[in-house]
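Please open the model in your viewer and keep the selection panel at hand. The stops below follow one another, each with something to select and something to look for.

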Amino acid sequence: MKIEIQNIDDLRAERARLKNQMELSKVHMKQEVKAIKTELNPVHQAVGLVGDLLTAPKKGLLNVGVGIGVNTLLTRGLLARAGWLPRLVISFIAQNLATNLIYKNRTSIVEKALLWVKKVTDKPVPKNEIPVVRVEVPKKAKHLNGYALVVIDETQ
């Protein structure tokens, strides 16, 4: 669409229209990119899972501990009668998957573990051991001069 520009006002109006059209195009492109990302999200998750299955995380105490635990559980327990190849492949994949899952969720796992330890170690006080404190004030007394009778009843 070609518009004839006769004066400076026409030029300014055309420039404003083009800037507006450019901003609308940017917004439209961002919406298209978001739509493509949401369509590819399951593919991205599948690729991430395959990556977790096949890649070993950094060497460290976590990797060693999970490796020993998974190997012991699988090779001596679940896959004890399987051949050497299935034991090797399944153990490798399970070790990588478990290590990566624990590494990615380590903060929530530590928080849950600490809450569980706190819950287990805190001993609730039984209801019959809590002393009941009552303050008895004589009914006829209007002025106590700072004195009141405090009774601790431990029979309940």
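Does glutamate 23 count as buried, partly exposed or exposed, and what is its relative accessibility? Select glutamate 23: at 42% relative accessibility it counts as partly exposed, where buried means under 20% relative accessible area, exposed over 50% and partly exposed in between, with a 1.4 Å probe and protein chains only. Before going further, note that this is a predicted model, in which local features need pLDDT of at least 70 and side-chain atom pairs count only at pLDDT 80 or more, while totals for chains, interfaces and linings use all residues. Residues are numbered from 1 along each chain as its sequence is written, and side-chain values use heavy atoms, with hydrogens and water left out.

Helices here are DSSP runs (H or I, at least four residues), numbered from the N terminus.

By this rule the count comes to two salt bridges, and to see another one, select glutamate 14 and arginine 17, whose closest N and O atoms are 2.6 Å apart. Glutamate 14 belongs to helix α1, residues 8–54, and is buried at 14%, whereas arginine 17 is partly exposed at 33% relative accessibility. Leaving aside neighbours within four places in sequence, glutamate 14 is in contact with Ile3 and Ile5, contact meaning heavy atoms within 4.5 Å.

Now move to helix α2, residues 61–78, whose 18 residues reach 24 Å from first C-alpha to last, close to the 26 Å expected at 1.5 Å a residue (that is, 1.5 Å times one less than the number of residues). Colour its buried residues, Asn63, Val66, Gly67, Val70 and Leu74; seen down the axis of α2, they fall within an arc of 105°, so they line one face of the helix. The arc is taken from the directions from the helix axis to the C-beta atoms. On the other side of α2, Leu61, Ile68, Leu73 and Arg76 are exposed.

Conventions
Helix = DSSP H or I, 4+ residues; strand = E, 2+ residues; numbered from the N terminus. Salt bridge = Lys/Arg side-chain N within 4 Å of Asp/Glu carboxyl O.
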